[in-house]
Amino acid sequence: MYNKVMETVEFLNERVEMRPKVAIILGSGLGDLVDYIEEKIEIPYEEIPNFPVSTVAGHAGKLVFGKINGVEVLAMKGRFHYYEGYEMKQVTYPIYVMKQFGIENMIVSNAAGGINKNFKPGTLMLITDFINMFGTNPLIGKNDERFGVRFPDMSEAYSKELISLAKKVAEKNNEKYEEGTYLGTTGPSYETAAEIKMMSIMGADAVGMSTVPETIVANYLGIKVLGISCITNMATGIAQTAHSHEAVVDIAVKTGERFCKWVVDIVSELK
Ligand SMILES: O=P(O)(O)O[C@@H]1C[C@H](O)[C@@H](CO)O1
Ligand code: HPA
């Protein structure tokens with residue numbers, strides 16, 4: 001895997017001159033953030049050696065390099081989900097590439113179902129911790145010490161420093177947010193009411209089908225992570241309405257402007 005990652009990095013080094021230290025992974029319906037990126041260089045995943053290709057509606061599938069208020073960034077418009085049939089090593093492959101490319105801070109976002117009854121569709125939730133319910137871990141397999149240690153610490157899965165920056169920025173700009181624990185599960189079926197009841201007892205505030213594998217690998221590699229969930233619907237049993245991915249994307253797009261403004265303000269402070 002190490003050689004494959006280096007081959008991908010070499011390709012990117014040849015294609016772009018920028019050397020961003022900040023990466024942003026855009027969740028379902030949140031891809032409009034790329035409109036805030038200037039001096040864009042876009043590379044579709046299919047052109048990138050060894051990169052998987054995204055198959056989900058609402059996920060475009062390209063790397064976007066550029067600047068936000070003068071800060072160089074690398075955005076992933078379209079991520080890889082375990083339920084698409086990828087191996088965990090494929091789902092998290094871009095994070096390995098980011099690390100070798102020089103990324104130090106990663107902002108990871110998602111659309112999620114709200115379990116905390118104080119939330120409503122359109123709530124932006126700062127992720128303070130995760131619960132891994134994928135039933136597997138992206139680091140399973142022989143460990144390559146060039147990447148990280150066998151038993152990585154997860155006591156600060158989401159960087160306290162980045163969380164406090166995000167809060168400071170939100171308070172300064174009157175941006176409303178909540179905080180909570182994100183529970184990641186495989187999907188692709190949405191949860192049953194009984195599962196949501198269990199997840200609530202376990203301490204989850206929101207549920208989704210991504211983010212946890214990327215966060216585990218980023219921590220393993222020594223990349224600081226900030227996570228933001230866009231609550232697109234109340235989870236099964238909390239709201240009595242049936243779910244659809246179209247409705248999830250619709251609410252994410254509608255919340256997108258507030259999400260983008262917050263992320264732009266955070267990135268601008270990461271000079
Ligand atoms: O990529 P994210 O986590 O934002 O996408 C969520 C989870 C599923 O992929 C999909 C369900 O509607 O949206
Ligand atoms: O209710 C949900 N469950 C799982 N993933 C989701 N992504 C958006 N909403 C949801």
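Predicted model: local features only at pLDDT ≥ 70, side-chain atom pairs only at ≥ 80, totals over all residues.
Student: Which residues does UniProt list for "binding site"?

Tutor: The unreviewed UniProt entry lists Ser28, His59, Arg79, Phe80, His81, Ala111 and Ser210 under that heading.

Student: Take Ser28. Where is its place in the chain?

Tutor: Ser28 lies in the loop that runs between strand 1 (22-26) and strand 2 (38-44).

Student: Is Ser28 buried or exposed?

Tutor: A residue is called buried if 20 or more other C-beta atoms lie within 10 Å of its own. Ser28 has 27 other C-beta atoms within 10 Å, so Ser28 is buried.

Student: What about nonpolar residues in general?

Tutor: In soluble globular proteins, nonpolar side chains tend to be buried together. Here the largest nonpolar core has 74 residues. Ile24, Ala75 and Met106 have the most contacts inside this core. Helix 7 gives the most to the core, namely eight residues.

Student: Which residues does Met106 touch?

Tutor: Leaving out residues up to four places away in sequence, Met106 touches Ala23, Ile25, Met98, Ala218, Ile223 and Val225.

Student: How do I read the crossing of helix 4 and helix 7?

Tutor: Look at the distance, the angle and the hand. The axes of helix 4 (residues 160-172) and helix 7 (residues 245-268) come within 9 Å and cross at roughly 115 degrees. The crossing is right-handed.

Student: Which residues make the contact?

Tutor: Helix 4 supplies Leu165, Ala166, Val169 and Ala170, while helix 7 supplies Trp262, Asp265 and Ile266. By class, six residues in this contact are nonpolar, none is polar and one is charged.

Conventions. Residues numbered from 1 in each chain as written. Chains lettered and ligands numbered in written order. UniProt positions renumbered as here; feature names shortened; annotations may be inferred. Helix = DSSP H or I, 4+ residues; strand = E, 2+ residues; numbered from the N terminus. Buried ≥ 20, exposed ≤ 12 C-beta atoms within 10 Å, placed from the backbone. Axes fitted to C-alpha atoms, helices over the stretch in contact; angles between N-to-C directions. Left-handed = near helix turned anticlockwise from the far one by under 90°. Contact = placed C-beta atoms within 7 Å. Nonpolar A, V, L, I, M, F, W, Y, C, P; charged D, E, K, R; others polar. Core = buried A, V, L, I, M, F, W, Y, C linked by C-beta atoms within 7 Å.
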